Amino acid sequence: MRRLLYSLPVALFVVLVAYFGVALFSGRDPHAIPSPLVSEPTPSFELASLDASALSQEALQGQVTLVNFFASWCLPCRAEHPLLMRLAEQEHVPIYGIAYKDKKADTERFVAGLGSPYRRIGLDEQGRVGVEFGITGVPETFVIDKAGRIRRHYGAPLTADQLRNDLLPLIHELARG
Amino acid sequence: MIAELGHFALILALLLALLQATVPLLGAARRDLGWMALSRRTALGQLVLVSFAFAALIHAYVTSDFSVANVFENSHSAKPLLYKVTGAWGNHEGSMVLWVFILALCGAAVAGFGGNLPAELRARVLAVQGMIGSGFLLFILLTSDPFQRLMPAPFDGRGLNPVLQDPGLAFHPPFLYLGYVGFSVAFSFAVAALIEGRVDAAWARWVRPWTLAAWCALTIGIAMGSWWAYYTLGWGGWWFWDPVENASLMPWLVGTALLHSAIVVEKREALKTWTVLLAILTFSLSLIGTFLVRSGVLTSVHAFAVDPARGTFILLLLFVVIGGSLSLYAVRAPRLRGGGLFAPISREGALVLNNLLLTTAAATVFLGTLYPLFSEELGGPKLSVGFPFFDRTFAPLMVPLLMAVAVGPLLAWKRGDLLGALQRLWLAFAAVAVVILFGVYLARGGPVLAVFGLALAAWVFMGAVLEWMERVKLGRAPMSESWRRARHLPRAAHGMTLAHLGLAVTLAGIAASAWQEERIEIVHPGQDLAIAGYTLHLDEVAQVAGANFTADRARITVTKAGKTIAEMHPEKRFFPLQQMPTSVTAIHSNLLADLYVALGDSDGAGGWTIRAYWKPLVPWIWMGAVFMALGGLLSLSDRRWRIGIAVRVPRGARVAGVGD
């Protein structure tokens, strides 16, 4: 029994090495970072919204939507903004904004100045909901299907190319299905 | 030519290391003094050879010899001299040379200062060091040759990653490596003791200074890394539970446990097998830390995929070093005889608790670091483990540890009086009560846990102070008597007090960060940004040029209640060679709080994103770490390590008792 106890460290270590060996020789590409949330249900959240009502994951149900994290202090968000406007006005895609670590007055000024592509804007002043979605910065965009599952995660500002070749085909497919 | 000589020196060092790994070991088994004595000369010879190779590499960097592939890939002629030198270890191959250089330094130190060690123990310790050295020199020569030539030589180099061009980071790796590699000595002592089958008080007394020295260096190294992250990354965080950080924290935690358990072996001859295991684990974790993280096994397996030869070698090396020593442990440790018995409530008991909590904490960090890969390997989702996991597992383990820190030193050896110890801590209880009342008053509805953390810091702080006061009878005896006692108190005791005070200071800094304020806004020159009672006035943003970068530098005047307090200059640098921006934050500190300002992007219409933070007590985090390291150094200067009193009694011989 006593001997067994003293052999425990080396036994654990052998398991560890076997595991490292498998990791080493499996030959998979560790650089592919899929968003862990893709094909998962939308994290539940409840935020006050800019129009003094509320925004929660229930508002997204039953339609194909985009959830876009942005902030007034974020310059790439300004760059992305015209694309979102086009999506909302020409393609009629429902977009819900979440203002990440932003003050209400600043968010108001942002959409007043540039126009709002958003159906509703949730105010995530503490950045809590951002954590739930696992974002690493702003802007980031999620495509959510009718059942409320996340289907795509864009971890950077959208580009016109992505819009045409990936995002819109996906939205149309989800809307049909 | 010099590069070739450097390469040649490494080959010779490998041959010497192989010699050192075998002959003294055989000599110790055969009791052949000549064979054993070889170890000292080979250890010194290795230092000379590896120093030469290291100097040759630095020479190639300083003279910008781009015919050396490593220099071409990591340096540039326009780089400031400091970063040419430090760039030598800012890459995989160079850092490996630094690693074996420090290993050679440790080996030579054992050979040089180990005059009071019994010849057999010294020969075995140095032989184990030789084995480690052989492994790593072979690794360098076979897979990571820093002296490889390029033909034809390029005109100029690719430059060092701008993020690494920073004084804080330039000296962070040497300290970290001093810590990691320094633990190799404790490891070698442990393996030598297993081979000999003997662990006693004298052994612990020899191991402890080495552990202490490595621990001090690692403490400073970790603190420097965290300080660097704090002031360069631009969002004011100082610890991210990133795999690379965790890799340095694990050996620190287990090394701290080792530091404490070695005391029990030294004073009471108990916990022997446990201490030996800790010595092996500390260095094993250092190895895993340096290599698995560097090669990317923990963050990603990418580096392994790029160079499978390197990855395979590392794995093999880890397998031999760690697997070999743990197997030896499994076979030999059961034969080590246990020593003194003690009651659960005693100094030993408190140190066991310390050890259990520290190693469990290290285990949770280990699990949190590796779990994402375990999960993926077993077909689970790709995930990352961050603050929520560590907040819920690591923090609760630290709470009882910190509570015990104040009590432990007040308990007697063998059997302690917990009630008595707590009674003597009544002032600490009072301090806790004051902090809680004050904190609740200040933070009504605010972060409760932070108040608790501050109270805990006060508890640890007062505990350390009271224990010290008691030792010197401050206030209970005439001042002259206290002074006399303070002078005669071993420096190790002063060192412990200082290190525990440092722990309290760091803890206070961590707890108080919950009260930080944060502002991120677009500001136009001439406008103000208000934070925590300060007004930040953006005067202008100007273009300036540096040696190998251009920068946008803001001038911000800070006023409080109408009085100008400081002028701050956050910068956004751009390195054209690498096409890479870095930020240089401006920090105004009054040691009680930091005002932290980072300059972001321009909005193209004259406005600039400014991130401003007010961070109470944050400088204390690093101040505390410095206290801890100073405490360790003070303890290291203790008389009983400096003077060779500890003479091991030869087997069978009878010698009068020795002590200090």
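## A helix of chain B

The face of α17(B) turned away from its buried side carries the exposed residues B:Trp426, B:Ala430, B:Ala433, B:Val434, B:Leu437 and B:Tyr441. A residue counts as exposed if 12 or fewer other C-beta atoms, placed from the backbone, lie within 10 Å of its own, as buried if there are 20 or more, and as partly exposed in between. The model is predicted: local features need pLDDT of at least 70 and side-chain atom pairs count only at pLDDT 80 or more, while totals for chains, interfaces and linings use all residues. Residues are numbered from 1 along each chain as its sequence is written, and chains are lettered from A and ligands numbered from 1 in the order in which they are written.

The buried residues of α17(B) are B:Ala428, B:Ala431, B:Val432, B:Val435 and B:Gly439. Seen down the helix axis, they fall within an arc of 100° and so line one face of α17(B); the arc is that of the directions from the axis to the C-beta atoms. An α-helix has 3.6 residues a turn, so residues three or four places apart point the same way. The buried residues of α17(B) pack against α15 (387-407) and α18 (448-472) of chain B.

## A hairpin of chain B

Strands β4 (residues 550-560) and β5 (residues 563-568) of chain B run antiparallel and are joined by 5 bridges. Helices (H or I, at least four residues) and strands (E, at least two) are DSSP runs, numbered from the N terminus, and two strands pair if DSSP finds at least two bridges between them. B:Thr559 has B:Thr564 in β5(B) as its bridge partner. The hairpin has 2 residues between its strands, and B:Ala561 takes a positive phi near 50°.

## The sheet of chain A

In chain A, 5 strands form an open sheet of mixed pairing, in the order β5-β4-β3-β6-β7. Its edge strands, β5 (120-124) and β7 (150-154), each pair on one side only. Strand β4 (residues 95-100) of chain A pairs with β5(A) in the parallel sense over 5 bridges, and A:Tyr96 has A:Arg120 in β5(A) as its bridge partner.

## Chain A as a whole

The secondary structure of chain A comes to 5 helices and 7 strands. The radius of gyration of chain A, taken over C-alpha atoms, is 21 Å, well over the 16 Å that the globule rule gives for 177 residues, so the chain is more spread out than a compact globule. That rule is 2.2 Å times the number of residues to the power 0.38. Buried residues make up 32% of the 177 residues in chain A.

Definitions and conventions:
Contact = placed C-beta atoms within 7 Å.
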